[in-house]
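Subject: Structure for your review

Dear colleague,

Please find below the structure that I am handing over to you. My notes on what was found in it follow.

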Amino acid sequence: MTNPVLLIPTTPHADNITIINIDNPPVNALSHAVRQGVVDAITQAEQNESIEAIVIYCQGKTFIAGADIKEFGKTPKEPHLPDVLQRINQCKKPIIAALFGSVLGGGFELALACHYRVAVKGTKIGLPEVNLGLIPGAGGTQLLPRIAGVELALTMITSGKPQKVDQLDEYGIIDLLISADSSNKDHLLHETITFTKELLEQNQTSKIITQQPMTLNSEKKQAALALCQQFRDKLAKKSRGQQAPQSAVNSIENSFTLPLNEAMAKEREYFLECRGSAQSRAMRHAFFAEKTASKLMISSETKPTPTDIKSVAVIGAGTMGGGIAMCFANAGINVTLLEMSESNLAKGINAIAKRYQQAQTRGIISKEKVNQCMALITGTCEYQDLAQVDLVVEAAFETMEVKQQIFSQLDNVCKPDAILASNTSYLDIDEIAKATTRPEKVVGMHFFSPANIMKLLEVVATKYTDAQTLTTAMTLGKKMGKISVAVKVCYGFVGNRMYACYGREANMLLLEGATPQQVDNAMVQWGMAMGPLAVNDMSGIDIGYKARQANTDRSDDPCYFAPADMLVEAGRLGQKTHAGFYQYDEKTNKRSPDDTAVNLIRTHAAKLGIKQRSDISDEEVQQRLIFALINEGAYILEQGIASRASDIDAIWLNGYGFPRYLGGPMCYADEIGLETVVTTIKKFQQQAGNTYWQVAPLLEKLVAEGEKLTS
Ligand code: 3HC
């Protein structure tokens with residue numbers, strides 16, 4: 001392996017300045033080799049008497065973007081990052097960091113440990129460790145409050161959101177901000193060397209953040225303590241159940257309540273505790289699951305280059321179609337929206353304008369961007385106007401006849417190489433593809449509602465879809481900022497097929513005597529963003545009802561989704577009728593428990609011969625819903641509907657509010673142990689006496705082999 005750190009002895013026009021050149025693609029992460037390399041290079045530079053200053057510079061697209069996350073979980077090797085930073089701090093010669101790209105985590109901490117920082121405009125700096133269930137572990141919680149104040153440190157560290165250096169000018173983090181295109185790195189290097197030369201000429205050689213005192217007078221200290229408490233309270237809600245954000249606040253608080261060496265030691269303690277935690281393991285799994293999901297399992301020799309999609313059409317200007325059109329427009333792609341009538345088209349386009357307006361009012365999008373996006377969207381009622389588009393997404397009525405008719409018509413008018421995609425949530429896309437003469441160009445692009453907000457995109461390959469079409473749809477998803485996951489055809493694909501098992505158990509529990517609020521509260525307490533029945537009310541209980549009715553393979557068990565179906569037949573469709581599993585205030589839409597629904601379910605259970613029980617615990621609710629998910633996920637994996645367990649996790653994290661700190665259902669199953677999962681499913685099988693709880697053979701196999709779903 002070549003050494004990722006090279007000491008370039010002299011620089012043009014400055015033979016007293018040396019460069020530590022880091023080249024560790026893709027993001028110059030601080031692997032063991034980089035850490036060792038930096039320490040060795042500093043020692044070498046220190047020993048060379050003709051060298052007076054050192055510049056740390058990176059090759060590739062970014063300065064150091066953090067510790068090497070792949071090394072977490074392995075035996076740590078010296079020098080650890082704090083040792084490297086201490087070496088920088090103690091260096092007799094000034095060290096200047098030349099920043100560009102994404103200066104994150106340990107990379108930002110390394111920059112803060114340097115004597116000076118030069119950055120090009122647009123450089124992003126941040127401490128995103130909380131997104132990995134961690135806190136900064138190499139001084140970030142001590143250095144940032146020292147240089148930029150407690151409030152900014154709390155904001156940046158607990159949100160994990162990087163910020164552009166240009167917006168942080170007033171905080172003194174960057175000593176020289178240069179206007180340059182970040183791709184023009186020669187300019188950055190040249191400016192950094194000029195800056196360093198000036199420092200040397202002016203004899204300004206020592207500026208170390210750790211030497212800056214952090215003494216707050218009593219009034220300021222009280223204010224800072226109160227601010228920390230405010231953050232703790234806010235985070236208890238926003239980052240419910242997570243350990244790292246709370247530890248981050250504690251550590252920042254230590255920066256003004258403890259001496260530096262004690263606070264540093266405490267920070268490392270918190271960091272190591274987080275790094276060894278199940279939450280951080282899960283969040284690191286989630287990070288890599290999302291990166292891996294975008295990679296198709298096609299050998300690199302046969303991997304086609306994706307087609308450049310410049311213009312698209314969306315069929316249907318309803319809520320879903322409108323949201324999909326917004327996704328394309330946001331990505332700078334021309335969209336033609338097709339509706340059956342001028343009035344529906346006008347309604348659809350007005351609704352899009354309103355959604356953009358709301359986003360603008362809330363400061364999410366600029367007026368200029370809204371205008372740009374709206375200019376990219378045009379409407380039509382004529383199929384003929386779609387003749388030249390590169391790709392069409394159909395988001396029309398969810399019946400096979402309607403979809404087949406649309407696809408046949410699209411096949412007639414669209415250019416031969418245009419891709420035809422369906423946004424169906426359940427229907428057999430193999431059958432839809434057959435309505436065309438180009439089944440290899442037909443693919444599913446399953447967006448989640450609201451399409452312009454939700455990150456997930458299931459890209460569904462039919463048995464005919466060719467690799468070029470699939471690659472193009474996946475790439476397009478990435479361009480729209482989606483987490484695209486490739487799946488195969490089956491009823492409900494991956495997400496909704498698993499969700500059906502989760503919903504089935506929620507409904508069974510209602511028949512057995514649990515109330516809607518007990519089921520929902522138990523799941524929210526477990527960590528889900530919302531309870532399944534409240535979600536069902538929000539999206540409309542009739543949607544699932546219609547999908548079940550249309551499914552020719554549906555279960556003939558009269559108990560299957562019996563409460564949901566009965567409520568729909570009683571006219572209780574959810575929020576839109578102000579009544580479903582709950583009741584909703586007509587003016588405020590506020591949800592409250594509804595005895596009528598509970599009584600209707602009780603009566604229905606009696607009709608079905610189900611004796612209700614009062615001993616249903618929250619734990620039973622949680623286990624039945626989550627283990628139903630895990631079991632179905634295992635079936636999906638062994639049937640090859642999903643290619644990897646981590647793909648299933650990426651789907652559940654981004655489309656269904658699964659808590660990130662549990663990593664997704666497959667990761668969670670591995671964490672609690674597959675043996676426990678299998679034993680518990682067998683217990684439910686005995687208890688239920690129905691056919692739903694058949695342990696997936698893959699789970700039994702993995703238990704026998706001592707393997708994991710995600711390994
Ligand atoms: N360690 C190891 N690999 C990393 C990495 C890291 N810190 N950051 C990114 N990568 C890998 C990705 O897995 C991906 O690998 P792949 O090509 O094999 O899939 C590759 O780098 C490129 O990443 P992206 O596709 O995400 O590239 P982008 O250009 O879209 O984004 C980025 C670049 C903004 C740097 C983004 O990757 C990112 O946010 N990375 C995470 C940064 C981070 O969390 N840093 C903190 C680490 S923890 C830490 O530093 C602890 C310290 O306090 C002690």
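**The ligand and its surroundings**

Strand S5 (102-104), helix H3 (106-113) and helix H10 (278-293) each supply at least two residues of the shell around the ligand; helices (H or I, at least four residues) and strands (E, at least two) are DSSP runs, numbered from the N terminus. Helix H10 gives the most to this shell, with 3 residues.

This is a predicted model, in which local features need pLDDT of at least 70 and side-chain atom pairs count only at pLDDT 80 or more, whereas totals for chains, interfaces and linings use all residues. Residues are numbered from 1 along each chain as its sequence is written, and side-chain values use heavy atoms, with hydrogens and water left out.

Of the 25 residues around the ligand, those that come nearest are Gly 106, Glu 109, Glu 129, Lys 291 and Lys 295; a residue is near if one of its heavy atoms lies within 4 Å of the molecule. By class, the shell has 14 nonpolar, 5 polar and 6 charged residues. Here Ala, Val, Leu, Ile, Met, Phe, Trp, Tyr, Cys and Pro count as nonpolar, Asp, Glu, Lys and Arg as charged, and the others, Gly among them, as polar.

Which backbone atoms lie 3.0 Å or 2.8 Å from the ligand? A polar backbone atom of Ile 69 is 3.0 Å from a nitrogen atom of the ligand, and one of Gly 106 is 2.8 Å from an oxygen atom of the ligand. The protein covers 76% of the 990 Å² of accessible area that the ligand has on its own (Shrake-Rupley method, 1.4 Å probe).

**Salt bridges**

The count comes to 28 salt bridges, each a side-chain nitrogen of Lys or Arg within 4 Å of a carboxyl oxygen of Asp or Glu. In one of them, the side chains of Arg 87 and Glu 46 meet at 2.7 Å, N to O. Arg 87 lies in helix H2 (residues 81-90) and Glu 46 in helix H1 (residues 32-47), so the pair ties together parts that are 41 residues apart in sequence.

**Cavities**

There are 2 cavities of 30 Å³ or more. A cavity is a set of points on a 1 Å grid over the protein atoms alone where a 1.4 Å probe fits but cannot get out, and lining residues have an atom within 4 Å of a point. A volume is the space filled by probe spheres set on the points, which are joined across faces, edges and corners.

The largest cavity has a volume of about 40 Å³, and its lining includes Val 165 and Asp 169.

Yours sincerely

Conventions
1 Å grid on protein atoms, 1.4 Å probe; cavity = no way out; pocket = protein on both sides within 12 Å on 5 of 7 lines; lining within 4 Å. Polar contact = N/O pair within 3.5 Å; in protein donor to acceptor, adjacent residues only side chain to side chain.
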